[in-house]
Number of protein chains: 2
Amino acid sequence: MQFSSRLPIAVHTLLVTEFFKDQFKITSDFIAGSVGVNPVIIRNILIQLKNADLIEVAAGVGGAKLKKSPEEISLLDIFNAVEVNEKLFHIHEHPNFNCPVGKNIQSILNKNLDNVKKTAERELDKITLQSLLNNLR
Amino acid sequence: MQFSSRLPIAVHTLLVTEFFKDQFKITSDFIAGSVGVNPVIIRNILIQLKNADLIEVAAGVGGAKLKKSPEEISLLDIFNAVEVNEKLFHIHEHPNFNCPVGKNIQSILNKNLDNVKKTAERELDKITLQSLLNNLR
DNA sequence: TTTTATTGTAACTCTTGACATTACATCAAA
DNA sequence: TTTGATGTAATGTCAAGAGTTACAATAAAA
């Protein structure tokens, strides 16, 4: 099991948007050319990033740009923009509630696994778009 | 995107195996009755737990039991037993290597996201089967 | 030796999500 | 009004999770 490539593609999109902002108009076709996927994939991700207030996109004339500075955008912001926020694990839904284990399994696992998820989120929040840009040079 | 219910079901399986070890023979049907899924699902998970040396299963006569003490089994051990170990995120495979962003995106994301995964694994490793058993009482 | 309960395992179906692609209406500036 | 983009719907393909049926293999007990 693996997370989809939406986070990687969204990160790539934002990096391209910032890196080339003074040289090119950042259209979905332009981004798609760097990412290597269909432009519609990029447009859908741009919509999600726009809804999360990370970029603005000029309808009609075209072109995207960041709405915050790269220091203010973390991988967690991007992750939350493109992945639906749900439990990390799918817990089986029909345990036997007449069994002492079945009765408690959901609350026990929810508590422990939510904690794991929070730890991973804190880690994602430490990584900024700026630090990734620094790695480019 | 979500991890499958294999880890939750495997944890449930091990808890049942230990909790009822002195009262019942722990067959796949018995476990399935507590988890609320088809016994074949349990048998396949038992095979994975057996391959990871966490339990032993008596073929023919039936019955499972732990091969280590609950203190020695962590959620990470169980996770590794039932989930194929792969990258946390699927990174897009055909970036444009002629682009300074496309050329570096894979190595940058691999490095940063592997680190997030390692953090989550360390967190899973802190949680033992015994601590979950304690929560049952 | 035969019966019995159980495991091991294959085969099949159903459903869902990711991803790719085509198509076209909408939009806003030149 | 033309032009180049975006917004968005529809469709197809593929892979994985989960459930189920079926049955051979196994090992203990009768």
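The model is predicted, and local features need pLDDT of at least 70, side-chain atom pairs count only at pLDDT 80 or more, and totals for chains, interfaces and linings use all residues. Residues are numbered from 1 along each chain as its sequence is written, chains are lettered from A and ligands numbered from 1 in the order in which they are written, and side-chain values use heavy atoms, with hydrogens and water left out.

We can begin with the interface. Contact here means heavy atoms within 4.5 Å, and 53 residues of chain B are in contact with 53 residues of chain A. Buried area is the accessible area (1.4 Å probe) that two parts lose on being put together, summed over both. Between chain B and chain A it comes to about 4800 Å², with 69% on carbon and sulfur atoms. On the chain B side, the residues that lose the most area to chain A are B:Met1, B:Gln2 and B:Phe3, together 16% of what that side buries.

Helices (H or I, at least four residues) and strands (E, at least two) are DSSP runs, numbered from the N terminus. At least two residues of the side of chain B that touches chain A come from each of α1 (6–19), α2 (28–35), α4 (75–82), α5 (100–126) and α6 (129–136) of chain B. The largest share of that side, 16 residues, is supplied by α5(B).

One residue of chain B helix α1 is B:His12. Is B:His12 buried or exposed? B:His12 is buried, with a relative accessible area of 0%, where buried means under 20%, exposed over 50%, and partly exposed in between (1.4 Å probe, protein chains only). Its side chain and that of A:His92 are joined by a polar contact of 2.9 Å. Leaving out residues up to four places away in sequence, B:His12 touches A:His92, A:Pro95, A:Val101, A:Gly102, A:Ile105, B:Ser34 and B:Val35. With neighbours within four places in sequence set aside, B:Val11 is in contact with A:Ile105, A:Leu109, B:Leu75, B:Ile78 and B:Leu132.

Helix α5 of chain B holds B:Lys117, which counts as buried at 14% relative accessibility. Beyond residues up to four places away in sequence, B:Lys117 touches B:Asn85, B:Glu86 and B:Leu88.

Finally, the backbone deserves a look. Most residues other than glycine have a negative phi. A:Asp53, however, has a positive phi near 65°, and B:Asp53 has a positive phi near 70°. A:Asp53 sits in the loop between α3 and β1 (55–57) of chain A and is partly exposed at 38% relative accessibility. B:Asp53 lies in the loop between α3 (39–51) and β1 (55–57) of chain B and is partly exposed at 39%.

Terms used. Polar contact = N/O pair within 3.5 Å; in protein donor to acceptor, adjacent residues only side chain to side chain.
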